[in-house]
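Reader: I would like to learn how to read the packing and the backbone of a model such as this one. Could you take me through some features, giving the general idea and then the case at hand?

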Amino acid sequence: MRIEEFTLERLQSLHENEVELNLSDSGVHPLTLEELFDADARAELARVPLGYGWTDGDPALRAAIAALYPGRTAEQVLVTNGSAEANFLLAMTLVEPGDEVVMVTPNYLQLRGWIRALGATVREVQLDAARGWSLDPAAVEAALTARTRLVTLCHPNNPTGSVLAAEVRDALVELTARRGVALHVDEVYTGCEFDGEETPSFARSPHVIVTNGLSKAMALPGLRIGWLCGPAAELREAWARKDYTSITTGALSEAIARRVLEPAFRARILARSRAWLADNRALLLAWVAATPGVSIVPPRAGGMAFLAYDAPIGSTALAERLRTEASTLVVPGDAYGLDGYLRVGIGAPRATLEAGLERLGTMLAGLR
């Protein structure tokens with residue numbers, strides 16, 4: 001098995017902890033235990049036994065996750081170490097050598113590399129930048145073949161922050177159900193939509209499998225809690241594969257996750273995320289308006305913005321110069337196969353974002 005480099009994660013792993021200004025993250029600046037819980041609650045957590053838990057996830061936690069998806073039950077939830085493990089197990093469960101997978105891009109691209117390593121073919125369908133990063137369901141249908149096993153997308157989208165119209169979402173659900181193809185949606189940014197209205201989950205149809213977690217909209221990446229939610233038969237197969245990977249998630253992380261997924265608690269965290277991101281989004285859009293040669297389709301959700309720039313330099317080279325000369329880390333559009341773009345995290349502290357944009361603007365002005 002040959003596994004291609006996961007360029008985006010490799011870039012962050014190498015450099016995110018050594019730069020002055022890290023704008024490569026796509027989530028919200030993380031919460032602390034002190035911000036989440038009072039002293040009594042923290043004392044209660046201190047008494048959680050640090051042993052092995054349920055390998056498919058604590059039943060109470062699975063029930064809390066299932067409650068996010070009308071009509072789903074705890075038996076249709078598998079708790080994982082972050083949404084990355086959830087995506088990994090999804091591919092290991094559904095994809096075989098010789099299969100085809102239709103992937104809506106740009107995308108996080110973890111699945112693209114792993115699906116190829118499994119001996120399957122990825123057929124990409126691009127979002128339309130000229131139309132606000134929209135999607136034509138007919139293009140997805142045209143990419144389907146007799147060997148298509150899965151259609152996968154990230155929604156709300158990473159890296160563009162776009163949200164598909166309701167009629168497009170409905171068309172994807174209907175299309176895949178009619179063609180007998182599984183539909184996977186990575187919904188890790190659900191809940192931090194800037195208009196305050198949480199996008200309904202694709203999981204309303206029984207053939208849909210969603211992955212999600214607490215790392216992005218919920219601002220708790222250090223807990224490493226994610227999940228798969230889908231048909232029970234597929235979940236049992238994914239659980240069997242989890243026995244070969246992490247076996248179980250952390251007992252303390254699950255205990256915290258149970259509490260933060262209580263409806264009122266979750267609503268408070270998401271309100272904090274939306275306010276934080278909206279403030280930074282306004283800062284970013286003001287900077288774009290004042291900076292020649294930079295444009296953007298304003299993101300509608302998520303902790304990142306996908307900037308287009310007009311300068312005589314490729315995005316990987318630009319990001320490298322910004323890192324080495326200005327100690328600021330962003331993600332080049334090349335990591336998504338789209339040169340001429342940069343992904344800038346807007347979930348960082350405001351002062352970090354402001355300083356990073358100033359350094360980027362100075363570098364672009366020098367290049368022009």
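Author: Let us begin with helix pairs, where helices (DSSP runs of H or I, at least four residues) and strands (DSSP runs of E, at least two) are numbered from the N terminus. Axes are lines fitted to C-alpha atoms, for helices over the stretch in contact, and angles run from 0 to 180 degrees between N-to-C directions; under 35 degrees counts as roughly parallel, over 145 as roughly antiparallel, 65 to 115 as roughly perpendicular, and the rest as oblique. Helix 11 and helix 13 are therefore roughly parallel to each other, since their axes cross at roughly 15 degrees and come within 10 Å. The model is predicted, so local features need pLDDT of at least 70 and side-chain atom pairs count only at pLDDT 80 or more, while totals for chains, interfaces and linings use all residues. Residues are numbered from 1 along each chain as its sequence is written, and side-chain values use heavy atoms, with hydrogens and water left out.

Reader: What is the handedness of the crossing of helix 11 and helix 13, and which residues of the two helices make the contact?

Author: A crossing is left-handed if the near helix is turned anticlockwise from the far one by less than a right angle, and right-handed if clockwise; the crossing of helix 11 and helix 13 is right-handed. Contact means heavy atoms within 4.5 Å, and helix 11 contributes Asp279, Asn280, Leu283, Leu284 and Trp287, while helix 13 (residues 350-367) contributes Arg350, Leu353, Glu354, Leu357, Glu358, Leu360 and Gly361. For classes, Ala, Val, Leu, Ile, Met, Phe, Trp, Tyr, Cys and Pro count as nonpolar, Asp, Glu, Lys and Arg as charged, and the others, Gly among them, as polar; on that basis the contact of helix 11 with helix 13 has six nonpolar, two polar and four charged residues.

Reader: At what angle do helix 5 and helix 6 pack, and how do the residues of their contact divide by class?

Author: Helix 5 (residues 82-94) and helix 6 (residues 110-117) pack at about 30 degrees, with their axes 10 Å apart, which makes helix 5 roughly parallel to helix 6. The crossing of helix 5 and helix 6 is right-handed. Among the residues that make the contact are Phe88 and Met92 of helix 5 and Leu111 and Trp114 of helix 6, and the contact as a whole divides into eight nonpolar, two polar and no charged residues.

Reader: How many residues has the largest nonpolar core, and which helix gives the largest share of this core?

Author: In soluble globular proteins, nonpolar side chains tend to be buried together. A nonpolar core is a set of buried Ala, Val, Leu, Ile, Met, Phe, Trp, Tyr and Cys residues joined through side-chain atoms within 4.5 Å, where buried means under 20% relative accessible area, exposed over 50%, and partly exposed in between (1.4 Å probe, protein chains only). The largest core here has 99 residues, and those with the most contacts inside it are Leu36, Leu135, Val140, Leu214, Val260 and Leu307. Helix 11 (residues 263-290) gives the largest share of this core, eight residues. A second, separate core has 23 residues, including Leu90, Leu94, Val101 and Leu111.

Reader: Where is Leu342 placed, and is Leu342 buried or exposed?

Author: Leu342 is in strand 13 (residues 341-345) and is buried, with a relative accessible area of 2%. Leu342 and Leu307 are 35 residues apart in sequence, yet their C-alpha atoms are 5.2 Å apart in space. Setting aside residues up to four places away in sequence, Leu342 touches residues including Phe306, Leu307, Val330 and Leu360.

Reader: Which peptide bonds are cis, and what is the phi of Trp133 and of Ile247?

Author: Most residues other than glycine have a negative phi, and most peptide bonds are trans. The bond from Thr105 to Pro106 is cis, with omega near 5 degrees, and Pro106 lies in the loop between strand 3 and helix 6. A cis bond also joins His155 and Pro156, with omega about -10 degrees. Trp133 has a positive phi of about 60 degrees and is buried, with a relative accessible area of 5%, whereas Ile247 has a phi near 65 degrees and is partly exposed, at 39%.
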